[in-house]
Amino acid sequence: MDVERVIQEALDNGYSYAGSLDISTMKPLNEVRDMCAADKCHAYNKNWACPPACGTVEECTAEIKTYSKGIIVQSTTTLEDEFDFEGIEELGKRHAKTTVDFTKYLREHYPDSRILPLSAGGCMFCKQCTYPDAPCRFPDMRTAPLEGYGIFVSDLCKKNNIEYNRGKGTLTYVGAFLFD
Ligand code: SF4
């Protein structure tokens, strides 16, 4: 897969920004993973894409290393003020939908490629995740959170020369796609 082409395809599919990702900057950290265990997002131990089901920090590190290329994607909005919870929720929904749409697009257009979609928050492809009672229903559509893989997101953006803070009053959600 060609990185520049996939960046353009990400933009065409609805992301606000996209840029190349140096896989060597993907360094899962126990400190980030520990924040998942605090369960602030209420997805810990409730989703196949989240810890502990997505694997240990060591396993995530090993999995990431099997990929050679990647891109970072972002969805950005401008909030009315810091209490604009509606705007925050809308951005979350938009980012999740764009991630599902783009994952589908990549699976269809690159059927022979290995692709790891990483997003923000637990996988929301199914209304109700089957975890832990039955296996994941759509492994090809499963999107794991960057934080769940132990990635310090703002630092990842910085190391790849991609703005994380897009200006006063803006909010940005980040994702990544790893591939070969
Ligand atoms: S695809 Fe469905 S079953 Fe699999 S992790 Fe996502 S929500 Fe859960």
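**Helix 1 against helix 4**

I started with the crossing of helix 1 and helix 4, and it is right-handed. This is a predicted model, so I read it as such. The two axes, from residues 3-12 and residues 85-109, come within 10 Å and cross at roughly 135°. That angle makes helix 1 oblique to helix 4. I then listed who touches whom: Val6, Glu9 and Ala10 on helix 1 meet Phe102, Tyr105 and Leu106 on helix 4. Sorted by class, this contact has 5 nonpolar, no polar and 1 charged residues.

**Thr103**

Staying in helix 4, I clicked on Thr103. Is Thr103 buried or exposed? Thr103 counts as buried because its relative accessibility is 1%, and the cut-off for buried is under 20%. A polar atom of the Thr103 side chain lies 2.7 Å from the backbone oxygen of Thr99. Beyond its neighbours within four places in sequence, I found Thr103 in contact with Pro117, Asp140, Met141, Thr143 and Phe177.

Most peptide bonds are trans, and most residues other than glycine have a negative phi. I went looking for exceptions.

- Pro51 to Pro52 is a cis peptide bond with omega near 0°; Pro52 sits in the loop between helix 2 and helix 3.
- Tyr131 and Pro132 are also joined by a cis bond, omega about -5°, and Pro132 is in the loop between strand 3 and strand 4.
- Asn45 has a positive phi of about 60°. I placed Asn45 in the loop between helix 2 and helix 3, partly exposed at 41% relative accessibility.
- Asn161 has a positive phi near 55°. Asn161 lies between helix 5 and strand 5, in a loop, and is exposed with a relative accessible area of 74%.

Technical notes. Residues are numbered from 1 along each chain as its sequence is written. This is a predicted model: local features need pLDDT of at least 70, side-chain atom pairs count only at pLDDT 80 or more; totals for chains, interfaces and linings use all residues. Side-chain values use heavy atoms; hydrogens and water are left out. Axes are lines fitted to C-alpha atoms, for helices over the stretch in contact, and angles run from 0 to 180 degrees between N-to-C directions. Helices (H or I, at least four residues) and strands (E, at least two) are DSSP runs, numbered from the N terminus. Angles under 35 degrees count as roughly parallel, over 145 as roughly antiparallel, 65 to 115 as roughly perpendicular and the rest as oblique. A crossing is left-handed if the near helix is turned anticlockwise from the far one by less than a right angle, and right-handed if clockwise. Contact means heavy atoms within 4.5 Å. Ala, Val, Leu, Ile, Met, Phe, Trp, Tyr, Cys and Pro count as nonpolar, Asp, Glu, Lys and Arg as charged, and the others, Gly among them, as polar. Buried means under 20% relative accessible area, exposed over 50%, partly exposed in between (1.4 Å probe, protein chains only). A polar contact is a pair of N or O atoms within 3.5 Å; within protein, one must be able to donate a hydrogen and the other to accept it, and residues adjacent in sequence count only if both atoms are side-chain atoms.
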